[in-house]
Amino acid sequence: MSGARDRHRTGHQVRTDDQLHTGHRLHTDDQLHTGDQLHTDDHHTSHRLRTANRPRSGTRNQAERALRGLRAVGADGTAVGAVAAELARRLWRYAWPSPTGRRNRAYLRDRLIALPLLSVIAFGAFGWAYADVRGDSAYLRDHVAPALVDLADARVSLQIAQTEARRALLDEDGAVELSGLSERYRTRMSRATQSLSQVAQHGALTVSEQQKLGVVSGLLVDYSGWINRAQADSDPTLREAELTYAQSMLCETRQADGTSYPECRPSTGTTATATTIVDRISALEQGLHDRLEARAAWGGGVLAALAVSAVAFVLLAVGLARTVVFLRHRFRIRLSLPLVVAALPLAATPLLATDAVLAYDAQQQVVPAADGLSDKTSPDIETLAEEQWAGKPSPRAIGVLESSIKDELAAGRFGFLDGVAPFVTPVGLVGAAVIGGALHAYRREYLLLARPGAAS
């Protein structure tokens, strides 16, 4: 009964020696007076059996509860939304804790994790997207656009040269035997050969396309050889036959209404089925044009990176501001210079974003000019522009379209930001290190100065 009295005074259960040895509650005569059932040896035996079987039954019950939960989720879609909302709420509380009612140590610990992570995510995603947009503009300006211009110039020059050769070789006066082919023929053939060699130097073609370009250059040498053979042949019939064969190597011509030069029929095949020189050049133009359109469009990865970086930048900016206010109120730090330094690159992000938008807009403006190079250029337009060099050339002339592309891509960027894109992500990493180091120093100083037993 002394144990009962002690238990009554202290409010705790007193364990006896028997209870310490057996590990079970000792049942005394007090139970008889209180109405509790007296446990016998048979009761202890059944208790041990239930205890032994408990893990298996518990696992089975957990599985059944999980199965019922899954069925409930599948039956009612609102449960999924509730779980997602709860996860989002907890993630928000972790990434965006409120200083109200929070201990200094816990708040600094959360900021020590969240702010550097936001800096890495924001600058990393934005740096990758900005470098991608800037890289596309540079690729179009330095590689694709010049290659398209040279391919168009080579194609039109060959058509002009073919017409000049036909006029001279089929002239009944026989002037070609005395003076040879015209100066325009020689100029255009030399220009076509030079343009094709420059295409390979621009670095816009793949390995397969470079091989096809080599085939075109070889066919051009054969074509020039057949023209020279026709010039040297005095028989008009053989000369015409050789000229016709050279024409078939170049392209299939058609006489369009109102044109002075026979135009080649539009190519209906691809690089795999093209056989003539002009068809092969047109196929290479189409491949570059498709590549230009792909580079000029927003990619899914770029859009996702910009969205993620925008959210992360907002959270980082407001988070730094709240942390500065917290340090001023709780730690009496008027202004945290490391956090201010880490926040300075945020001021440059609107300028970089504007530069990216300008670059994208310029890429979109280049697409119509590239269409004009492939579809709207013709021998008549180029001949007219060559003869009226002092006047205003046609907007469909190759030189005009080339200048338009260059001007659009040059105006679509801030020149003083050239070369900045590779440093955006490293700046974010440095900022994350500065933020983490400053908050770690503040937290360490607080823990050292905090008195034992003081609220932290």
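Leaving out neighbours within four places in sequence, Ala 161 is in contact with Tyr 185, Arg 188 and Met 189, where contact means heavy atoms within 4.5 Å. In this predicted model, local features need pLDDT of at least 70, side-chain atom pairs count only at pLDDT 80 or more, and totals for chains, interfaces and linings use all residues. Residues are numbered from 1 along each chain as its sequence is written, and side-chain values use heavy atoms, with hydrogens and water left out.

Back to Ala 161, which sits in helix α6. Helices (H or I, at least four residues) and strands (E, at least two) are DSSP runs, numbered from the N terminus. Ala 161 has a relative accessible area of 0%, so it counts as buried. The cut-offs are these: buried means under 20% relative accessible area, exposed over 50%, and partly exposed in between (1.4 Å probe, protein chains only). Ala 161 and Arg 188 are 27 residues apart in sequence, yet their C-alpha atoms are 5.7 Å apart in space.

Now for the rings. The structure holds seven aromatic pairs. Rings of Phe, Tyr and Trp (its six-membered ring) pair if their centres lie within 6.5 Å; planes under 30 degrees apart count as stacked, over 60 as edge-to-face and the rest as tilted. Here are two of the pairs:

| Pair | Centre to centre | Angle between planes | Kind |
|---|---|---|---|
| Phe 123 and Phe 313 | 5.1 Å | 85 degrees | edge-to-face |
| Phe 126 and Phe 313 | 5.8 Å | 75 degrees | edge-to-face |

Together with Tyr 130, the residues Phe 123, Phe 126 and Phe 313 make one aromatic cluster.

What about the loop between α12 (300–330) and α13 (337–343)? That is where you'll find Leu 335. With a relative accessible area of 48%, Leu 335 is partly exposed. Leu 335, Leu 337, Val 340, Val 341 and Leu 344 form a nonpolar surface patch, with about 470 Å² of accessible area together. Arg 332 is in the loop between α12 and α13 too, and at 70% relative accessibility it counts as exposed. Most residues other than glycine have a negative phi. Arg 332 has a positive phi of about 60 degrees, although it is not a glycine.

Finally, zoom out. The protein chain has 17 helices and two strands, and 34% of its 456 residues count as buried. Of the contacts with a separation of 6 or more, 76% are between residues 24 or more positions apart.

The protein chain averages a pLDDT of 78, and 70% of the residues score at least 70. Over residues 1–59, pLDDT stays under 50, and the model has 26 contacts beyond four places in sequence for them. Where pLDDT is low, the predicted coordinates should not be read in detail.

Technical notes
Patch = residues over 30% accessible without salt bridge, like charges linked within 9 Å, V, L, I, M, F, W, Y side chains within 5 Å. Areas by Shrake-Rupley, 256 points an atom, 1.4 Å probe, with all protein chains shown as cover. Salt bridge = Lys/Arg side-chain N within 4 Å of Asp/Glu carboxyl O. pLDDT = per-residue confidence, 0-100.
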